[in-house]
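Work through the exercises below with the sequence and coordinates open. Each task is followed by a solution in steps.

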Amino acid sequence: MYHAVAHRPAKAAYGLSVAPEAFAAQMAVLAEQGRTPLTTAALAEAWRAGKPLPDRPVLITFDDGYEGVHRHALPVLAEHGFAATLFVSTGWLRGPYDEGGAPDTMLDWGQARELAAAGTEIGGHTHTHPQLDQVDDARLRYEAVRCREIVAAELGAAPVSFAYPYGYSSRRVRHTVRTAGFTQALAVGNALARRAQGPYALERVTVRRSTGVEEFRRLVEGRAIGRTFARDRALTKGYAVVRRTRRAAAVLAGQHRGGRGGTHTERRAQNPVR
């Protein structure tokens, strides 16, 4: 799982960014190991149909839609003939749907079309990148459906793959993503993707600015993943309790205000034109 690929990313994007040189070195590792990158859609379809996967398969994914994916990553992917999946937050991309709030320079729709034409799968990552397990039902559906509609309108084909912002999901979130028309979705989890995880909870490992080439090699080989991400997993478990508590409190507050026309977020999601 990648985010920004840039020499000098904005502070907000720095930790989850990689330098272009580091990305090139990491793709060289995949080539040396004889890995076969495929799209998220291709992986899910093979698993659903019971078809064999290619030799030593790997997913290369990018979240959010940073401009450097086109500027720096695309030439490297093309050099190796590698497939990849880009999950875009449509309200962050530059153009007519831009809602503001993006953490750095993002793709425009012309660049997104060039990536798609080069064989990159374009998936959904919501419209405005909220924490989906913390929003009400109307806003949740809006984020998934609006994203899918915009990608379909701009690229000529509706996306079938989705990635949860921040990696957060719940049974309610996964159900909404499925009913919105997405046929598979990726979380984070910092573990290797396995069929048993189910099509709406596939896990990935995070590549950061601090990920050296030898650590990357170990991650791809599935070595020392637990040790590498031990702190992340501990924090995730603790925060999951906090998130469930926050969501329960929000639901109770919404019920309390229900007699007065619903919550602000409910009313806004029902009339989302801004």
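The model is predicted: local features need pLDDT of at least 70, side-chain atom pairs count only at pLDDT 80 or more, and totals for chains, interfaces and linings use all residues. Residues are numbered from 1 along each chain as its sequence is written, and side-chain values use heavy atoms, with hydrogens and water left out.

**Exercise 1.** Describe the protein by its helices and strands, burial and contacts.

Step 1. The protein has 11 helices and eight strands; these are DSSP runs, H or I of at least four residues for helices and E of at least two for strands, numbered from the N terminus.
Step 2. Of its 274 residues, 45% count as buried, that is, under 20% relative accessible area with a 1.4 Å probe, protein chains only.
Step 3. Take contacts (heavy atoms within 4.5 Å) between residues at least 6 apart in sequence: 62% of them join residues at least 24 apart.

**Exercise 2.** Determine which residues of helix α3 are buried and what they pack against.

Step 1. Helix α3 spans residues 40-49, and its buried residues are T40, L43, A44, A46 and W47.
Step 2. Viewed down the axis of α3, these residues fall within an arc of 160° (taken from the directions from the helix axis to the C-beta atoms), so they line one face of the helix.
Step 3. The partners in packing are β3 (61-64), β4 (85-88), β5 (121-124), β6 (161-163), β7 (184-189) and β8 (202-204).
Step 4. For T40, relative accessibility is 1%, which is why T40 counts as buried.
Step 5. Neighbours within four places in sequence aside, T40 is in contact with L59, T61, T85, F87, E121, S161, Q184 and L186.
Step 6. After α3 comes G50, with a positive phi near 70°.

**Exercise 3.** Characterise the packing of helix α5 with helix α6.

Step 1. The axes of α5 (residues 109-117) and α6 (residues 137-155) come within 10 Å and cross at roughly 75°; axes are lines fitted to C-alpha atoms over the stretch in contact, with angles from 0 to 180 degrees between N-to-C directions.
Step 2. α5 is therefore roughly perpendicular to α6, a class that covers 65 to 115 degrees.
Step 3. W109, A112 and R113 of α5 meet I150, V151, E154 and L155 of α6 in this contact.

Technical notes: Buried < 20%, exposed > 50% of the residue type's maximum accessible area, 1.4 Å probe, protein only. Parallel < 35°, antiparallel > 145°, perpendicular 65-115°, else oblique.
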